[in-house]
Amino acid sequence: MSEASSKRIAFFIPTLAQGGGERVVSTLSLHFPKHISCSLIVFEKKISYPFSGEIISLDVPLSQNFFLRAWNFWVRLLRFRKIISSSSFDAVISVGSAPNLMNLLVNRSKAVLRADLPP
């Protein structure tokens, strides 16, 4: 494949540890064709699933404290915006409500959201 036809895809997810969305991202990253470059943007570098591609960590851990969670949201949003503005992703696929919201706020034109619907 030529350079012109190669694509850059990013997944945006809190971690790559325990969970259904995380397992889906892991599996997808392992099965992309070689001409698609895959990056995984995570809130913190917790990895328990195999993956293929580059890990980009925002280095902002998850917290149970309400005020710290609110603060961390804004810190993550700013760091995510910086990554998106300095990268040339063709699409950013987010998984989870916080990543979905950040993806929409920062990256409307290339955002792809994975949403779970209650049964």
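**Close-up views of a predicted model**

Leaving out residues within four places of it in sequence, Asn72 touches Val60, Pro61 and Ser63. The views below show this part of the structure and some others, all in a predicted model.

**View 1. Asn72 and its contacts.** Asn72 belongs to helix H2. The relative accessibility of Asn72 is 8%, and because this is under 20%, the residue counts as buried. Among the residues in contact with Asn72 is Ser63, which sits in the loop between strand S3 and helix H2.

**View 2. Ser63 in the loop between S3 and H2.** Strand S3 covers residues 54–57 and helix H2 covers residues 66–86, with Ser63 in the loop between them. A polar atom of the Ser63 side chain lies 3.1 Å from the backbone nitrogen of Asn65. When neighbours within four places in sequence are set aside, the contacts of Ser63 are Leu68, Arg69 and Asn72.

**View 3. Ser63 and Ser97.** Ser97 lies in helix H3. Between Ser97 and Ser63 there are 34 residues of separation in sequence, and their C-alpha atoms are 15 Å apart in space. Is Ser97 buried or exposed? Its relative accessible area is 66%, and because exposed means over 50%, Ser97 is exposed.

**View 4. Two residues with positive phi.** Gln18 is not a glycine, yet its phi is positive, near 30°. Gln18 lies in the loop between strand S1 (7–13) and helix H1 (20–31). With a relative accessible area of 68%, Gln18 is exposed. Asp59 is likewise a residue other than glycine with a positive phi, near 55°. The loop between S3 and H2 holds Asp59, and this loop also contains Ser63. Asp59 has a relative accessible area of 56%, which is over 50%, so it is exposed.

**View 5. The salt bridge.** How many salt bridges are counted? The count comes to one. Glu44 and Lys46 form a salt bridge, and their closest N and O atoms are 3.9 Å apart. Glu44 is buried, with a relative accessible area of 12%. Lys46 has a relative accessibility of 45%; because this falls between the 20% and 50% limits, Lys46 counts as partly exposed.

**View 6. Helices H2 and H3.** Helix H3 is made up of residues 97–106, and its axis comes within 10 Å of the axis of H2, with a crossing angle of roughly 50°. The crossing of the two helices, H2 and H3, is right-handed. On the H2 side, the residues that meet H3 are Phe73, Arg76, Leu77, Phe80, Arg81 and Ile84. On the H3 side, the residues that meet H2 are Ala98, Leu101, Met102, Asn103, Leu105 and Val106.

Methods:
Residues are numbered from 1 along each chain as its sequence is written. This is a predicted model: local features need pLDDT of at least 70, side-chain atom pairs count only at pLDDT 80 or more; totals for chains, interfaces and linings use all residues. Side-chain values use heavy atoms; hydrogens and water are left out. Helices (H or I, at least four residues) and strands (E, at least two) are DSSP runs, numbered from the N terminus. A polar contact is a pair of N or O atoms within 3.5 Å; within protein, one must be able to donate a hydrogen and the other to accept it, and residues adjacent in sequence count only if both atoms are side-chain atoms. Contact means heavy atoms within 4.5 Å. Buried means under 20% relative accessible area, exposed over 50%, partly exposed in between (1.4 Å probe, protein chains only). A salt bridge is a side-chain nitrogen of Lys or Arg within 4 Å of a carboxyl oxygen of Asp or Glu. Axes are lines fitted to C-alpha atoms, for helices over the stretch in contact, and angles run from 0 to 180 degrees between N-to-C directions. A crossing is left-handed if the near helix is turned anticlockwise from the far one by less than a right angle, and right-handed if clockwise.
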